[in-house]
Amino acid sequence: MQNTTVKVEKTEILSDNWYTLKKITFTVQKKDGNTETQSREAYDRGNGAVILLYNTSTKNVILTRQFRMPTFINGNADGMMIEACAGLLDDDHPEECIIRETEEETGYRITKAEKVFEAYMSPGSVTEILHFFIAEYAENMKINKGGGLEDEGEDIEVLEIGIDKALQMIESGEIKDAKTIMLLQHVRLKNLV
């Protein structure tokens, strides 16, 4: 449903070096009926997908570890993050995207993924909607070492971790990535592992 209490007056591109940073000036009708002009910046990096691979017999999950510059400049001493496999849609359907990303990053070939929900991860400043998936994996689905695409500058370590240890890593601060925390909690709440 279109919000008729908001009218975009002007959109300026502040940067489009990597993704697009826009400054949007708009009028908004407040609860008391008065209108007010405001401006906000919004970062558009496209939509994405994320997946947690889990194994019901071993009670393990597949995670990745890679360097993330924004965390490095915000206090993460080595910049390394433990995360669920994820990627941008790049005009693909979310399930097609995450199946491709799973093979590139983890080395596991899956043929289907179950979508469990979608969410805005930082709605005050980022336009991205993230599509969340889960899928079972088995050792015989491993077709390569994973690690990401070299031409995209990816240098990803693949981790196989027990679900109990992964949940403890949230408490200890070793896992600080929101999308990963959400999926780990989802599979535990659903008693999948």
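Biologist: Is R68 buried, partly exposed or exposed?

Modeller: This is a predicted model, in which local features need pLDDT of at least 70 and side-chain atom pairs count only at pLDDT 80 or more, while totals for chains, interfaces and linings use all residues. Residues are numbered from 1 along each chain as its sequence is written, and side-chain values use heavy atoms, with hydrogens and water left out. Buried means under 20% relative accessible area, exposed means over 50%, and partly exposed lies in between, for a 1.4 Å probe and protein chains only. Because R68 has a relative accessibility of 31%, R68 counts as partly exposed.

Biologist: With which residue does R68 form a salt bridge, and which parts of the chain does the pair tie together?

Modeller: A salt bridge is a side-chain nitrogen of Lys or Arg within 4 Å of a carboxyl oxygen of Asp or Glu, and for R68 and its partner the closest N and O atoms are 2.7 Å apart. Helices (H or I, at least four residues) and strands (E, at least two) are DSSP runs numbered from the N terminus. R68 lies in the loop between β5 and α1 (69–72) and its partner in strand β6 (residues 80–83), so the pair ties together parts that are 15 residues apart in sequence. The partner of R68 is E83.

Biologist: Is E83 buried or exposed, and which residues are linked with E83 in a network of salt bridges?

Modeller: E83 counts as buried because its relative accessibility is 2%. The network of salt bridges that includes E83 links R68, E83, D177 and K179.

Biologist: How many salt bridges does the structure hold?

Modeller: One of them joins the side chains of K115 and E118, at 2.6 Å from N to O, and another joins R100 and E101, at 3.6 Å. The structure holds 13 salt bridges.

Biologist: Why is the pair of Y19 and Y43 edge-to-face?

Modeller: Rings of Phe, Tyr and Trp (its six-membered ring) pair if their centres lie within 6.5 Å, and planes under 30 degrees apart count as stacked, over 60 as edge-to-face and the rest as tilted. The centres of the rings of Y19 and Y43 are 6.0 Å apart. Y19 is in the loop between β1 (6–15) and β2 (20–29) and Y43 is in strand β3 (residues 35–44), 24 residues apart. The pair is edge-to-face because the ring planes stand at 85 degrees.

Biologist: Which residue has its charged end over the ring of Y19?

Modeller: A charge sits over a ring if NZ of Lys or CZ of Arg is within 6 Å of the ring centre and within 35 degrees of the ring normal. The ring of Y19, which also belongs to one aromatic cluster with W18 and Y43, has a charged end 5.4 Å from its centre, and that end belongs to R45.

Biologist: How many residues has the largest nonpolar core?

Modeller: A nonpolar core is a set of buried Ala, Val, Leu, Ile, Met, Phe, Trp, Tyr and Cys residues joined through side-chain atoms within 4.5 Å. In the largest one, L52, V61, L63, I175 and L184 have the most contacts, and the elements giving two or more residues include β4 (48–55), β5 (60–67) and α4 (178–189). The largest nonpolar core has 24 residues.
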